[in-house]
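Hi,

Here is the structure I promised to pass on to you.

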Amino acid sequence: MEEIRIGVYVCWCGTNIAKMVDVEAVAKAMREIPGVIVAKDYKYMCSDPGQELIIQDIKEHNLNRVVVSACSPRIHELTFRKALENAGLNPYMFEMANIREHDSWVHTDRAEATQKAKALVAGAINRVRWHESLDKRSVEINPATLIIGGGIAGISAALEIADAGKQVYLVEKQSQLGGTVAKLDLLFPHLDSAQQLIQPKINRAMNHLSIQCFLNAEIREVFGYIGNFEAKVYQKDDLETEIQFGNVIVATGLKPFDPSKIDQLNYKRLPNVITSLELEEKLLSGNLVMDNGKDPKHIALIHCIGSRNKNHHEYCSRTCCNTALKYSNQIRSAFPDAAIYEIYSDIRSFGKGCEELYTHTARQDVMFLMYDQKGEVPKITEARHSEKVNMMLEFREQLSGEHVEVPADLVVLMVAMEAHENAKEIAHAVGVSMCGNSFYIEKHPKLDPVATTTGGVYVVGSCQSPKDIPDSVSQARAAAARIMADINFGSVEVEVTTAVVNEDICCGCQTCISVCPYTAIHFDAEKNVSVVNEILCKGCGTCGSACPTGAIRSRHFTDKQILSQIEGLMSMQLQH
Amino acid sequence: MEFEPTIVAFLCNWCSYTGADLAGTSRMKYASNIRVIRVMCSGRVEPTFVLKAFREGADGVLICGCHPGDCHYHEGNYKCLRRYHLLQNYIEQMGMDKRRLHLDWISASEGKQFAELVDKMTQTIKELGPCQVKHSVETLT
Amino acid sequence: MLSNDNTAIFLCPPVNGDSQQIDLKDIEGFAKDKLKVSHVWDCASIPVLNADQVSKKIQSFNITKIILAGQKPGFYKTVFTRAMKLVGEDPANVMLAGFSEYGAVHQSQTDLAKAIVACAYFDVPFEQAIPKQAHPARPETLVIGGGIAGIQAALEIANGNQKVYLLERTGTIGGHMAMFDKTFPTLDCAACILTPKMVEVGQHPLIEMLTYSELTEVTGIPGDYRVKINKRARRVNLSTCIGCGTCAEKCPQKALSEFDAETGMRKAIYIPFPQAVPNKYLIDAENCTYVKNGKCGVCVKVCPVEGCIDLDEKDQEIEINVGNIVVTTGFQTFDARKIERYGYGKFDNVVTSLEFERLVNAAGPTGGNITLQQKDKKGNRVFLENGEVPKSVGIIHCIGSRDENHHKYCSKVCCMYSLKLAHLVKEKLPKAEVYEYYIDMRAFGKGYEEFYNRIADEGIHIVRGRTAKVSQENGQLMLRSENIETLELLEQKVDMVVLAVGLEPREDAKILATKLGISTDPDGWFKEFNYAGDPVGTFTGGITIAGVCQGPKDIPDTVAQASAAASSVLQNIMKGHVQMGLGKIKGDDIEFEAEKLSMKKEVQL
Amino acid sequence: MSYRVDFTLKHDLKKFGIHDWNECFHCGNCTAICPMTKTGSLFPRKDIRLLQMGLKDKLATNLDPWLCYYCGECTETCPRDANPGELMMSLRRYLTSVYDWTGLSKKFYTSHFWEFGFIFFFFCAVIASFLIWLPLSGNTAELINDQGGVMINNLVAGISGASFVNIIEIGDWTMAILVAGLLISNILHMFYRVVIRDKEVKVPVYAYITEFWSLIWQFMTQSKFSKCEGKTYWVGHLLLMTGYSIMFAVIVVLLPEFQIEEVRPWYNWQRLMGYYATFGILFFLVYVTISRIRKSDWKSKFSHPTDWLFIVMLGLTTITGILVHIFRIGGMVSATYYMYVIHLAVLVPMILVEVPFSKWSHLAYRPFAIYFDRLKEYSRKSQNENKLVRAA
Amino acid sequence: MSDNEKPKLKLAVYWGAACGGCCVSVLDVHEKLFNVVAAADLVFWPIALDIKYKDVEAMPDGHIDVTLFNGAIRNSENEHMAHLLRKKTKVLVAYGSCAHMGGIPGLANFTTKEELFRRVYDESESTVNPDKIRPQTSFTVPEGVLHIPEFYNDVRALDQVVDVDYYLPGCPPQTERLVDVFMAIVTGAELPPKGSVVGAYDKSQCDECERKKTDNKKIKAFKRPWEIQDDGETCFLEQGVICMGPATRGGCGVRCIKGNAPCRGCYGPPADVTDPGAKMMSAIATMIDSDDEDEIVEIVNQVADPAGTFYRFSLPGSILRRKIVQTV
């Protein structure tokens, strides 16, 4: 083993440190520690001359380890690592002791602060002894992209990437592209045409030189890791196509809730109780009539069917309120004199232009009735023969506090959005996790809403949670951005301070596998050892702590390094 | 001379270490008895480290991580929580006061909470007096 | 060839309270003369617009295709689909030519409206009929606004190996998000997740931050914009300042801290907040004694770095060339003073939600203690010295939002942040009673409804019924409201009232829009290219919008949009050219293109 | 018991006002801002709700509209411009028609033909009845009294002095009895619908007496008005109400003392009362007319045709009355007599149409509504107490 | 035996604070003893040969080639002999768990000499000792002064007293392993670096264990072995039974597990692990299947005796070494 030659640098940070810490005394004490070749104090280590000092010393004294005690490593660790690199040393042969934020700025007794600084630096010195050279690693990116799901999100992402000239494989389970949007007539809040939006996009996707569409197709398993995936596309007539790609976008979309699960609604038993998607069909075909072919005179729309109720889905499906408002306008257009009832619990018309739609709808002579979606849905029964209508709805109206009857010829159930039925299989195939309700989990709900914990796999649109079209499109393009950035860069850098398994020790107990939040560890049954995929590993070190045999080493945070740091820290304590 | 304990603290990089930094940038004052070791995640803290700290003479050990649900690595802090309770039972059985090992959640914005926590912990340890592990090991017969 | 006789164009009057700017007579003339459509009818001329009437008309003229033209013709569509069905024609042949869908709202855009009608007539998608005039794209990008949207967009583009200028008017990036304590619904702290991103921006070799700077002028063409930027005098050298803070310690002049939503004080030389990026000081010229009177200069004397502070520094104009611009200028909050009956500005303990964010923030002026306030001798609000906390807090939703008298739109985030604030009160003051007064609870996003249920279970009083007014009685604040679910009149006394103020466009959004040549909608938000199809594009080439400046939205949606905007930029750079925006293209050209494309289709057939 | 929602009521009610109240999204602002509302009688939101849902019965038994004095705060602060204040106004019109068992009220409110027809009919009838007797010729000098004023009671040839007064008095009384009869029957009808039919209400008998003072007090002071903002309106309304009452008293009860041949000095009680009443009515009329034209406050922003008709009729009555007085003192015989007939021709239809069937009826309905409301509240309270006692 | 043959090795076996099992394990060599004897001379083995301490003392330093020292250091005699044998031996092997890590006698570190004496000489049910007489290290009798070894307060592993060359773990060590090691020494194979563990594998028990292991190590409740319906196939940990296997070196032939009992850790930790108990605690706690603090506490409390469970054989050799007794 090479001789350990450590350089220690104590920063004054002007007076910030020097005022409270006797930096000279610290440097002096450090010189006593074996392995420390030089220990210096300097006014501003982070300044150019400060860094130059380190570089000179490395060259002059043949240092192979450096400790800087200054501010928080969160501020300047990178700065000093770069300095080491400039001097030809591996940047990881460096450790920082934080004697500003954690010492001089928070203490008031100079002797104590100095003592503490000594301890912190001694700890860093002890730690740096065990540091190893770590190399930056990156993987090359295959510029092709696989998109699973050909709805508005999938198509938008596909066009975005393909228009930039990169290959896209678009895999759709159905026989045509378009997904849910292709089944819609108009879009809230401006009642623009859904068909005029989606059809040109479908045409473009189908004919795009850079997009290869697979219809009636599915993906069963994806192999590889970010930048280098491969999979087989299975199509109906036993057609198998092997594809290679660097990134995956999952856009499997949604499926409507089945209201026959709720007895009260008598869906399927009463012919004029239909779901929102069934109404879309009627609207598209102009066939907006009852089962007997007559025009409905009383139309009721019931919100939150399957949503916001713990017996079904606790979540809000986000789009139904605005969709219902859209329906009211459409029905009003078709039947200027019909009675329209919106039976809701909160009107969630939150998007741009949506509150305005709500106001407008209210002016369309629509009766808004509120029910408690947490309790029972309105009960739909066949009306007595003496009635002029088909059906009767009964429920407690919240705004008046009265129990009311609502006559109806046609009832539209605003059904919840559910994750697609094969969401689970796809999750398994591409390696994304799901929340309890089968929607995919994003990497970070706020700051990384489209990436997943699996590098190179993105989830967009309603498969991540219910979403309207603009939000789905934004997400789709967000994922496209990430992918284009990576393609443009040509490679992705992967975490350096990953975990690594010592195969000579690993006994194959598999404790580590379920511990990893990134599914970066898999079991090699042949060798009977766990293997860390260092591309997926983010270096949290949890597996290292969980490993009972000590076979897993968390690079840069090894047991040795930390135990040694503890020894160092404690070597400078005052005797009591 | 009044007993001045030494407390070794393991702070996760994303929340707690940043919170401690914030205490610094906000110039909050707290007891100087603490010695911080940075780990990427509280999930990295393993019992060996804690026991080692006691063995080397620490009078208390503090572990801080992100608040439950906030872990940068999803759930490392929960792993830490589980180990913490088992470890507390162990050290108690080994004749130490449970309070010598403390786990708390400090977010990146809780500089003040961190300062208060250190003061509180220092006070607690002062009341408990010096930890005997090192002494006991050094005087084995 | 298309049969002009079988096509009818119906002109639809505006709906939704929109004012009609496009002259329908003009459109009618265009359709008749230019498109040679003989049946152009005004919907308003049909006495009762019902399916029977329309189908009679269709039948008697043998119409097989209908084009509905107007501001938002979709509102009239269903009656026509029904009519088509009644006469046995294909309902799919009802096409919409919506003017506002592609931004034709002013009279000056009548040509565009005509082009939209023409596209529908030729059955060519409007977007495809836009002539493909493209300019070579410079690889640099300007991102205006350093909030979370700007940060995200800048990182996204820079990670694609492209140079980004990040323009920010204040001394630090971070925007509103940096001010928040926790973020709904996961309650992770805003600083924990934002500051690493900020640091990443600060350290990214391809991102050049232009903080404390403002855009003054934009010239050039899409793909090659020349942008003039006024770098305001920071008076502290960014490269030599070590952020030690000695200057601020010694500075004698205090001012209200913008970062603390003016609930706390800072010095005239200051760092906006401890985690600011760049983590360097700056001098607020409006409050600096030296700048005002030419005397003082204490900071220069105490600064440990020679020549770091230059009190006489002047603003500096720089010019940069960029190919694309991403606008992420965000929002300001509604001025609660405008609604007098809530007593903001009158009563000491009526605070806005943004102020309250700072109050609950551990890094805020009270260190996270929700402290009551009073007026001092000068009339400034100060925190009670004994640190007294409220025993009860009322939170009123929809302040300035969903209100015909103020902003008609819903601000989208207030319900959720109010629930979050209620939770934070409960967390910090478990004994305090918290009352939420809402109209509709808009917990729509992922995990939001679950969060709402959780908060409701925490013992917070969630009352349906917005408070009508706040008065002061015996030192307490009295909220008068109706509980709609229980039909009770509530007169609730609380110690503190939080007004959930809505979001509104920045004061100077219109000015910026004019400089950039992008348009705003009636509420003042930047107008997207197409509501559903392209929510981040604009009518000007190479300029995209993202985040709240396009319309209120929460952080996940903002981040997604920012990335989407970055995607447009990256695509342009990868293609090497930027499409000319719609704003510069003549309606005639689109018509011509549409006609050409439709001919091609015929030939193919 | 469940209620059937009903779309038609809303459309019917539109004729009583000009607004569409469907825009209301039930934020509760109007109720909370209203200075008059209290738990148990929450308005106006509840009433908007009843209207939106078409719960006719509930609406008919509702007293809320009478408890509203239309200060307009609800409308001003309504976030949806749903105009709840005007709704209450319209509901008052509607309720008037509900209480009126003859059905005429509804006709008057919803049809110009009926309303103007009736007025025109009475107008013509009065003119016609005088046309028979009116002395179109003769020595007018004889008709001047000692004080130089016109001898008013000699208007009709052949009937003069006390006998003319008596005839008019009989007419007055007849009209008063007719109007009172209609009003009282309507109030009884109101009582029946509001108190008796409301099964939840059980009023102890003594409460009718103990609560009666509120009726009187309200009638006299209109004190509730002062709770609303805008004292001028309250003062004006009080002036109008007292002026009108005084006028009513002197015309119906004291007519022989009022309509006398002698022109008494200006400080005589009979003239002072007349002046006070005239001033009171005129002041309010001018105030209301100006605000309705300027639309200065909320209550005057939207004017139903019947609002204007009432102002015009009352104004004409007052102006013709003043003119009669001036002409009479000025000794202009023909002018006085013609004006007197015109005065009556305006007065009679106004009384007969406005008082029992239209806007003027609120004079009676409002105090009674407050009275009934107090009874209902009393009943609620005692029932609650009973419940508590039982629970205990 | 001819002269050109290699000189026979000189072998010693000594018994410190131990149960005798280790010595039995040497005897268990059975017929292979002949191989051993063929290659070695037993120069000192108190349980088998009558060789006195003074004989050993008389030996020149480094006379003995290999000493198998089993048992912990409990009293002054153990310590004396450890020092003596160290001096006389070329290769000192800590033989068995007690010498290796303290072993079962090491559990006495949960208590003190005083407590033990009180129990044994005062309180135990069979003791009649009204004068509360305690053992003395020296006692004068008419025949002279008797010296009795001093009973120490703490139990120590061998290497905490003297320098140890190799460790041969196990309670007792597997005899086959001993033979392997011995034969390796005899045949002059290259010896591993000083301080190594010999006679055991690098990998831990699980490598040998034939039970089915998956990544489904989630513990909702800790179970004692009799509380489960063991199918003999599923990993004990996956059934909620604490098994020290993963933190324990292989080499014993997974005998306990084969006998359907979980491993208790006598073979000590794999290389690089300082404290097997701590490692195992870390691993076990990680497996707890709950994120709710109250539930976690409840589950953790089901481990009634964590120190005894995780440090059954290794307490004196662990980081904390013994229970702290407040001395101040």
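Let me start with chain E, which is divided into domain 1 (9-105 + 153-186), domain 2 (114-152) and domain 3 (205-310); these bounds come from an automatic or database domain assignment. The C-alpha centres of domain 2 and domain 3 of chain E lie 41 Å apart.

Before going on, some housekeeping: this is a predicted model, in which local features need pLDDT of at least 70 and side-chain atom pairs count only at pLDDT 80 or more, while totals for chains, interfaces and linings use all residues. Residues are numbered from 1 along each chain as its sequence is written, chains are lettered from A and ligands numbered from 1 in the order in which they are written, and side-chain values use heavy atoms, with hydrogens and water left out.

From the N terminus on, the order in chain B is β-α-β-α-β-α-β-α-α. The C-alpha atoms of chain B fill a box of roughly 45 × 35 × 20 Å along the principal axes.

Of the 141 residues in chain B, 72% are buried (under 20% relative accessible area; over 50% is exposed and in between is partly exposed, with a 1.4 Å probe and protein chains only). Among contacts in chain B with a separation of 6 or more, 80% come from residues 24 or more positions apart, where contact means heavy atoms within 4.5 Å.

Now for the assembly. Seven pairs of chains are in contact, and chains A and C share the most contacts. No contact joins chain B and chain D, whose closest C-alpha atoms lie 35 Å apart. Chain D and chain E do not touch either, with their nearest C-alpha atoms 39 Å apart.

One residue to look at is Glu593(C), in helix α16 (residues 587-604) of chain C. Is Glu593(C) buried or exposed? Its relative accessible area is 17%, so Glu593(C) counts as buried. Leaving aside neighbours within four places in sequence, Glu593(C) is in contact with Ala129(C) and Pro131(C).

Best wishes

Key. Helix = DSSP H or I, 4+ residues; strand = E, 2+ residues; numbered from the N terminus.
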